[in-house]
Every structure is written in structure tokens, then in C-alpha cells.
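User: Can you take me through the ring contacts and a helix packing in this one?

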Amino acid sequence: MNSYITLKNVRFFAYHGVGEQETLVGNEFILDLRLKVSIEHAMLTDDVTDTVSYADVYEAVKAEMAIPSKLLEHVSGRIVRRLFHDFPQIEEINLVLAKRNPPMNADIESAGVELHLVRS
């Protein structure tokens, strides 16, 4: 059985960006996570200690999003390293991180990065 824990459309206000203005005024970011985790035991026990708490995952991501970076690639890398470190039960991570209304003179809702990593 494959099982996943997901966090969808998580919104953060943060100060990531290459441009000086982005680091001063900030922007809205949207994150989607899909974490491959075995939940079979939790299905039987109904105990959060037998799974990965999505609330704890959120707090880890929130802490990383609070650290300004120039590139979304850098922020994303920090997030996945932290999740693999803090939650040994996570086997794979799919992450999408997007910046709303990026300053690029385009009619665009968002621009971002997508990662898929498997624990080595």
C-alpha cells in the first residue's frame, strides 16, 4: 500500500527574492506537499505518534519559510532537508513552492519550483 500525508495551498507571507524590493516588501507564497509515509499502523491504533503529524510538518516548513532566501530553489532545498531530518518516517517528498504575482512584467498568477525527492 502506498500512503501519503498532504498539505495543500499552504499560504505564507515571506521575503524571498532576488530583487531588493522583494526582500523589503515581501510577497505571498503557496506551498503544496505530498509526503510518502506508511500510515498502516496509525490506521489501526488511531494514535498520532504512529504517523507523521501534519501540524508538526507545518511548523517545520513555517520555520524555514521565515528565513529569507534569494531563490525558491534554496528555500525548497532547506525545507526538504529539514523534513527528511526531522521525520525519519518520510520516504519521499513532492514539494511545489510558488511565488504569487512575481515581479516580472507578466500577466501570471505565480511562478515557482517543483521537487520530487526519495530518501537515500
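Predicted model: local features only at pLDDT ≥ 70, side-chain atom pairs only at ≥ 80, totals over all residues.

User: How many aromatic pairs does the structure hold?
Analyst: Two. Rings of Phe, Tyr and Trp (its six-membered ring) pair if their centres lie within 6.5 Å; planes under 30 degrees apart count as stacked, over 60 as edge-to-face and the rest as tilted.

User: Why is the pair of F12 and Y58 stacked?
Analyst: Because the planes are at 10°, with the ring centres 5.8 Å apart. F12 is in strand β1 (residues 4–14) and Y58 in helix α3 (residues 54–65), 46 residues apart. Helices (H or I, at least four residues) and strands (E, at least two) are DSSP runs, numbered from the N terminus.

User: F12, buried or exposed?
Analyst: Buried, at 8% relative accessible area, while Y58 is partly exposed at 28%. Buried means under 20%, exposed over 50%, partly exposed in between (1.4 Å probe, protein chains only).

User: What about F13 and Y15?
Analyst: Their planes are at 85° and their centres 5.7 Å apart, so that pair is edge-to-face.

User: Switching topic, how do α3 and α4 pack?
Analyst: α3 and helix α4 (residues 72–86) pack at about 145°, with axes 9 Å apart. Axes are lines fitted to C-alpha atoms, for helices over the stretch in contact, and angles run from 0 to 180 degrees between N-to-C directions.

Conventions
Residues numbered from 1 in each chain as written. Heavy atoms only, no water.
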